[in-house]
Amino acid sequence: MEQQVKVLQAAPDKNRAFASVQDIEPSAVPGYLRGLTPVTLRMDTRVTNHGYRDGEANAYQAVLQAGTAVLVDDRGVPRVRCACGNPLLPPVAQEDPRQTGKAWPGYRASDVVVVEPSEKPVKEFVMVDPENGDWFKRPAGDTGDGDKKTDPPKNASESPCPPGSDPCPTSSGATTPSEPAPDDRTSQPGEDPATSEPPPDDPATSEPPPDDPGTEPAPEDPPGSPDSQSAPQPPAPDTGAPREPGAGTPPPGAPAFG
């Protein structure tokens with residue numbers, strides 16, 4: 001989080017582009033970032049990702065792999081991808097999404113989720129540690145120092161792992177997928193293909209991994225990184241209506257924000 005603040009402060013053009021995505025003033029970016037909460041996605045999650053090119057943020061649809069470290073706002077919505085610093089927005093529905101690139105092991109289009117914002121600001125995020133199954137609370141905007149153990153929510157699944165994962169995926173450092181607070185409505189599985197090609201006139205701009213050009217895998221964050229701490233969990237698959245956006249694929253070598 002603080003690293004992202006320093007990166008953007010040192011690059012005014014990137015800071016301005018980042019602010020434009022989040023609809024805030026460039027001067028408000030440091031405070032905005034410090035108000036977000038680090039989590040690790042427990043499910044493959046659809047988002048609108050952004051890369052940086054020619055002084056502007058370019059949007060493309062993407063699926064972030066379970067285990068990806070992100071920063072969420074006080075409604076539980078992913079706003080920043082920690083590995084590259086790219087700003088995130090909710091996904092955009094597509095009429096004819098097409099899967100592109102190589103899917104990661106265990107990927108199922110039916111398991112992809114979309115985070116629904118909470119109706120009210122979340123004061124504490126309830127999370128679970130996939131390594132030991134312990135549940136804890138994290139105050140919104142905290143990086144982990146204020147974590148406290150708690151009882152599992154009533155609607156918690158028996159396994160802390162995402163569907164289809166065997167064994168549980170883990171991330172470096174003290175990573176912990178999470179469960180939203182009771183008033184924090186999150187995500188539902190989708191029915192469409194997981195990835196779709198970006199429009200030809202909208203060059204994608206985020207740096208993909210060399211071996212997987214079509215998707216957004218979990219980042220390799222350094223051990224102990226505060227940006228790879230924990231993750232919101234969606235409700236059971238039978239809650240709510242599925243969303244329809246697909247995901248986009250940036251070209252190899254496109255620059256990112258971080």
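**Exercise 1. Find which residues of helix H1 (residues 2–9) are buried, and work out why they line one face of the helix.**

Step 1: pick out the helix. Helices here are DSSP runs (H or I, at least four residues), numbered from the N terminus. The model is a predicted one: local features need pLDDT of at least 70, side-chain atom pairs count only at pLDDT 80 or more, and totals for chains, interfaces and linings use all residues. Residues are numbered from 1 along each chain as its sequence is written, and side-chain values use heavy atoms, with hydrogens and water left out.

Step 2: sort the residues. Buried means under 20% relative accessible area, exposed over 50%, and partly exposed in between (1.4 Å probe, protein chains only). In H1, Gln4, Val5 and Leu8 are the buried ones.

Step 3: look down the axis. The buried residues of H1 fall within an arc of 105°, so they line one face of the helix. That arc is taken from the directions from the helix axis to the C-beta atoms.

Step 4: check the other side. There you'll find Gln3 and Lys6, both exposed.

Step 5: see what the buried face touches. The buried residues of H1 pack against helix H2 (12–22) and helix H3 (29–34), where contact means heavy atoms within 4.5 Å.

**Exercise 2. Where does Asp23 sit, and where does Asp54?**

Step 1: start with Asp23. This residue is in the loop between H2 and H3. With 70% relative accessibility, Asp23 counts as exposed.

Step 2: move on to Asp54. You'll spot Asp54 in the loop between strand E2 (45–53) and strand E3 (56–64); strands are DSSP runs of E, at least two residues long. Phi of Asp54 is near 55°, again positive in a non-glycine residue. Asp54 is exposed too, at a relative accessible area of 75%.

**Exercise 3. Which residues line the second largest cavity, and how do they split by class?**

Step 1: list the lining. On a 1 Å grid over the protein atoms alone, a cavity is a set of points where a 1.4 Å probe fits but cannot get out, and lining residues have an atom within 4 Å of a point. Here they are Arg46, Val47, Val77, Pro78, Leu89, Pro90, Pro91 and Val115.

Step 2: sort them. The lining has seven nonpolar, no polar and one charged residues. Val, Leu and Pro are among those counted as nonpolar, and Arg is among the charged ones.

Technical notes
1 Å grid on protein atoms, 1.4 Å probe; cavity = no way out; pocket = protein on both sides within 12 Å on 5 of 7 lines; lining within 4 Å.
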